[in-house]
Amino acid sequence: MKTVLVTGGAGFIGSHTVVELAESGYKPVIIDDFSNSKRSVIKALERLLGQKVTCYEQNYQDTHRLKEVIAKEGIESIIHFAAFKSVGESAKKPLQYYANNVAGLIELFIFLNSTPINSFVFSSSCTVYGEPDELPVTEESPLKQATSPYAKTKQMGEAIVEDVTNGSEKLRCMSLRYFNPIGAHPSALIGELPLGKPNNLVPFLTQTAAGWHKELTVYGDDYPTPDGSPIRDYIHVVDLAKAHVKALDYLKNKEAGFYDKVNVGTGNGNSVFDVLHTFEKVTGVQLPYKVGSRREGDLMSTYASTKKAHELFGWSNERSLEDALLDAWRWQKTLHR
Ligand code: WQD
């Protein structure tokens, strides 16, 4: 059985990846300290999969216990999601972000030397590019000055993964650069669970539609874009999860010392108003909103070239913005404030 350690496996992208791994014949083993996720996700995964899901409640940096888990479960590869991920929060708590996202990653790789693990998929982000000069963004687009400590931790993380892998006699690694993950599993058993007031557009939008907030604030409609609002590449979280399985399969056939980075997006750019109006169209729910001032650090426009993921491991997104918003809404209706 191909056993995979999924750090942060109870989180939004991690939990959806656990489903796709299990459904593709892997045995996912979750490590999560539940600092940014809920224990109820494990039961939901077991209900969705109809099987037991192995989860160890611990911080991924507790390498003493991790050694026992790896030996006991016979783990061969890792998908490393465990990290802090809020752009805004990182500006207020840079040290916590460097400690968890960078120092923790270094400790993890030092530890991996003493284990048989040979494949590693790193959870990276389109924020490593900063504001792109040309669109769509390709993997060869320059990494500009990061606009937040969070984005810097992802730039540093990729450099660490690449340098540790180059010349390695064991490791083959890949960084997946996510664009904007949205939506939920169509079963509505798992989805995004922002702790506290969400920073991200779609969870705030669905909470507003559910009456949890008075209105959505659109952060600026005076950008030089077709409708004045910023453009992003919103990718269904299930498509994103499937890309991780494809990346693992791909790494299995690569030699030790192999490293590469790949965009995971849809290749389509949608504005904030596109998202808002599409949500209203597919759900029939009117969304109260107002236009406010721009949000500090926001990019004007970014969306991915997805050619490389398709060429390397035959992946491309299958779900639309409509699918993602409908699944997000179905999930939101299962939640209580
Ligand atoms: C999207 C657009 C906002 C909320 C995210 C993650 C980051 C990284 C990349 C993983 C922007 C607008 C938002 C609201 C709004 N993901 N907005 N009103 O900023 O692209 O970054 O994806 O690594 O971690 O944060 O996503 O959803 O915050 O914003 O108008 O209430 O929606 O201005 O244009 P962003 P977002």
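Which strand gives the largest share of the shell around the ligand, and how many residues come from that strand?

Mentor: Please keep in mind that this is a predicted model, in which local features need pLDDT of at least 70 and side-chain atom pairs count only at pLDDT 80 or more, while totals for chains, interfaces and linings use all residues. Residues are numbered from 1 along each chain as its sequence is written, and side-chain values use heavy atoms, with hydrogens and water left out.

The largest share of the shell, 4 residues, comes from strand β8, residues 216-219, where a strand is a DSSP run of E with at least two residues, numbered from the N terminus. Around the ligand there are 18 residues, of which Tyr150, Leu201, Thr217, Arg232 and Asp298 come nearest; a residue is counted as near if one of its heavy atoms lies within 4 Å of the molecule. By class, the shell has 9 nonpolar, 5 polar and 4 charged residues, with Asp, Glu, Lys and Arg taken as charged, Ala, Val, Leu, Ile, Met, Phe, Trp, Tyr, Cys and Pro as nonpolar, and the others, Gly among them, as polar.

Turning to polar contacts, meaning pairs of N or O atoms within 3.5 Å, a backbone N or O atom of Leu201 lies 2.8 Å from an oxygen atom of the ligand, and a backbone N or O atom of Tyr219 lies 2.9 Å from a ligand oxygen atom. From Asn180, a polar side-chain atom lies 2.9 Å from an oxygen atom of the ligand. The protein covers 91% of the 690 Å² of accessible area that the ligand has on its own, as computed by the Shrake-Rupley method with a 1.4 Å probe.

How values were computed: A polar contact is a pair of N or O atoms within 3.5 Å; within protein, one must be able to donate a hydrogen and the other to accept it, and residues adjacent in sequence count only if both atoms are side-chain atoms.
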